[in-house]
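Colleague: I would like to learn how to read a model like this one, feature by feature. Could we go through it together?

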Amino acid sequence: RQAIIMQSTPSTQGEVQQLADGGVSEGAVVLAEEQTNGRGRYGRRWYSPPGKGIWMSILLRPQQSLRNTPQLTLLTGLAVCRAIRSFTGVDAGIKWPNDVLVNGRKICGILMESALEDHELRYCIAGIGVNVNFDKQDYPEELSPIATSLQIETGKTVDRTLLAAAILTELEQLYDMYQKQGFNVIAALWEALSVSLHRDIKVSNAHGIVEGTALGIDSSGALIVQKKDGERITVFSGEISL
Ligand code: BTN
């Protein structure tokens with residue numbers, strides 16, 4: 001299985017895209033010390049300075065159809081959350097769909113991108129950014145209230161190589177389970193680590209803002225929200241605030 005470690009790249013997502021278009025097989029992974037144009041969800045930038053984090057992208061070629069990419073999004077967040085918990089002992093949780101939080105601050109973000117051809121899914125690229133060895137002064141001012149790192153949370157530097165290996169192992173096991181047993185078992189593990197369920201949340205997406213209580217996720221990975229007036233709605237994408 002192909003693994004490439006780079007000193008610097010605009011984005012590991014672009015690197016994996018090139019490999020994927022060249023026909024490389026599933027599981028190929030690119031890691032970079034630094035990204036000069038790291039990308040986040042909704043066209044945001046992802047701050048990726050040298051040596052401070054795990055910036056990596058993984059190629060997936062799921063057998064299931066395109067409908068299932070939201071499930072893979074949740075699966076990837078779950079893998080990172082479980083690896084962080086077992087490797088560092090930090091009490092990490094998942095905010096729907098796939099931000100990993102510690103003490104209410106973001107420690108990992110995931111960007112799932114898919115390539116289509118004739119409405120068929122060709123591949124997905126799971127981009128994972130974990131804030132590992134930042135200290136408080138390392139963050140730009142706008143990030144410090146919302147972001148944290150494993151070093152800040154544990155008071156120690158954390159070995160990025162071993163943590164990256166733990167994430168990939170966890171991802172491989174969950175992905176295998178998903179291919180063999182389907183999404184239900186993943187959904188149950190996800191719900192157990194979710195910090196967004198059974199509490200009042202606000203969801204914002206292209207349709208506007210909805211307030212309510214998050215009840216759970218359905219079999220497609222969408223979030224089920226009960227609004228104040230009792231109506232239940234299904235949210236397929238968006239961002240939530242707790
Ligand atoms: C988000 O929370 O907005 C998602 C952030 C995803 C960041 C990772 S770092 C590795 C990969 N390469 C990128 O350019 N982005 C993802």
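Colleague: Which residues are exposed on the other side of α1?

Modeller: Before answering, note that this is a predicted model, in which local features need pLDDT of at least 70, side-chain atom pairs count only at pLDDT 80 or more, and totals for chains, interfaces and linings use all residues. Residues are numbered from 1 along each chain as its sequence is written. A residue is called buried if 20 or more other C-beta atoms lie within 10 Å of its own, exposed if 12 or fewer, and partly exposed in between, with C-beta atoms placed from the backbone. Helices (H or I, at least four residues) and strands (E, at least two) are DSSP runs, numbered from the N terminus. On that side of α1, Q18 and D21 are exposed.

Colleague: And which residues of α1 are buried?

Modeller: The general idea is that an α-helix has 3.6 residues a turn, so residues three or four places apart point the same way. Here the buried residues of α1 are T12, Q13, E15, V16, L19 and A20. Seen down the axis of α1, these buried residues fall within an arc of 160 degrees, so they line one face of the helix; the arc is that of the directions from the helix axis to the C-beta atoms.

Colleague: What do the buried residues of α1 pack against?

Modeller: They pack against β1 (3–9), β2 (29–35), β3, β6 and β7, where a contact means that the C-beta atoms of two residues, placed from the backbone, lie within 7 Å. Just after α1, G23 takes a positive phi of about 95 degrees.

Colleague: How many residues surround the ligand, and which are the closest?

Modeller: A residue counts as near a molecule if its C-beta atom, placed from the backbone, lies within 6 Å of it. The ligand is surrounded by 21 residues, of which S11, G40, G109, G127 and G129 are the closest. At least two residues of this shell come from each of α1 (12–21), β3 (53–60), β6 (105–117) and β7 (120–131). By class, the shell has six nonpolar, 11 polar and four charged residues, with Ala, Val, Leu, Ile, Met, Phe, Trp, Tyr, Cys and Pro taken as nonpolar, Asp, Glu, Lys and Arg as charged, and the others, Gly among them, as polar.

Colleague: Which domains does the assignment give?

Modeller: Domain bounds come from an automatic or database domain assignment, which gives domain 1 (3–193) and domain 2 (200–241) for this protein. In this model, 11 residues of domain 1 are in contact with 10 residues of domain 2. On the side of domain 1 that touches domain 2, α2 (69–88) and α5 (183–193) are the elements that give two or more residues, and the residues there divide into six nonpolar, two polar and three charged.

Colleague: Where in the backbone is there a cis peptide bond?

Modeller: The bond from W96 to P97 is cis, with omega near 0 degrees, and P97 lies in the loop between β4 (93–95) and β5 (99–102).

Colleague: Is N103 buried or exposed?

Modeller: N103 counts as exposed, because it has 12 C-beta neighbours inside 10 Å. This residue sits in the loop between β5 and β6, and has a positive phi of about 50 degrees although it is not a glycine. H198 also has a positive phi, near 60 degrees, in a residue other than glycine; its place is the loop between α5 and β8 (200–205).
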